[in-house]
Amino acid sequence: MAKKFLLNKKQIIGGKYIGLMRARGKGNPTPALEMLHLGEVVGAVQVEAVGNDGDNWQVTAEIPKQFLTDGVQTFLLVLAGDSEILDRFSVITGEPLEEDLRAEIELLRGELDMLKRAFRRHCIETMG
């Protein structure tokens, strides 16, 4: 079954999620949304009409600061009373997690740079 609404994140700024939601089809009432964290409703979501057609809305949700703790915190935006996920975002805070893919990529880049320098030095020494 196709989603009735499409929600796209525009940005997260100042602890606030901002997105644009579009309806598939015309004449939809303004939907009510909820923000979930670990399956629990954690914040109010404001939905304001954009334009005159009544099928586009700006979505704004404050990220509750009590959930901004070390590690990766994932938030879901859903229609109120529904489990269909319209959008999701994660916030990573604190020390980088050892198993975090980004940290691993940075380590690999550093090691690759070191190997490139050693290889170039070896080529210069054996060629010269």
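This report walks through the sheet, the core and a few residues of a predicted model.

## Before we start

Since the model is predicted, local features need pLDDT of at least 70 and side-chain atom pairs count only at pLDDT 80 or more, while totals for chains, interfaces and linings use all residues. Residues are numbered from 1 along each chain as its sequence is written, and side-chain values use heavy atoms, with hydrogens and water left out.

## The sheet

Let's begin with the strands (DSSP runs of E, at least two residues, numbered from the N terminus). There are 7 of them in an open sheet, ordered E1-E2-E5-E4-E3-E6-E7, and the pairing is antiparallel. Two strands count as paired if DSSP finds at least two bridges between them. E1 and E7 sit at the edges with a single partner strand each, so one side of each has no neighbour in the sheet. On average, neighbouring strands here are turned by 25° against each other, direction ignored; the axes behind such angles are lines fitted to C-alpha atoms, and angles run from 0 to 180 degrees between N-to-C directions. As background, strands of a sheet pair through backbone hydrogen bonds, either parallel or antiparallel.

Now for the two ends of that order. E1 and E2 run antiparallel and are joined by 8 bridges, with Gln11 standing opposite Ile18 in E2. These two strands make a hairpin with 2 residues between them, and Gly14 in the turn has a positive phi of about 60°. At the other end, 8 bridges join the antiparallel strands E6 and E7; Val72 has Ile92 in E7 as its bridge partner.

## The nonpolar core

A nonpolar core is a set of buried Ala, Val, Leu, Ile, Met, Phe, Trp, Tyr and Cys residues joined through side-chain atoms within 4.5 Å. Buried means under 20% relative accessible area, exposed means over 50%, and partly exposed is in between (1.4 Å probe, protein chains only). The largest core here has 20 residues, and Leu7, Met21, Leu33, Met35, Val45 and Phe89 touch the most other members. Strands E1, E2, E3, E4, E5, E6 and E7 each supply at least two residues of this core.

Take Met21 as an example. Leaving out residues up to four places away in sequence, Met21 touches several residues, including Leu7, Leu33, Val47 and Trp57. A contact means heavy atoms within 4.5 Å.

## Aromatic rings

The whole structure holds 3 aromatic pairs. Rings of Phe, Tyr and Trp (its six-membered ring) pair if their centres lie within 6.5 Å; planes under 30 degrees apart are stacked, over 60 edge-to-face, and the rest tilted. Phe5 and Trp57 are edge-to-face, 5.7 Å centre to centre with 70° between the planes. Phe5 is in strand E1 and Trp57 in strand E5, 52 residues apart, and both are buried.

Phe75 and Phe89 are stacked, because their ring centres are 5.2 Å apart and their planes at 20°. This pair links strand E6 to strand E7. Phe75 is buried at 0% relative accessible area, and Phe89 is buried too, at 4%. Together with Tyr17, Phe75 and Phe89 form one aromatic cluster.

## A buried histidine

Which strand holds His37? His37 is in strand E3, and it is buried, with a relative accessible area of 6%.

Methods:
Helix = DSSP H or I, 4+ residues; strand = E, 2+ residues; numbered from the N terminus.
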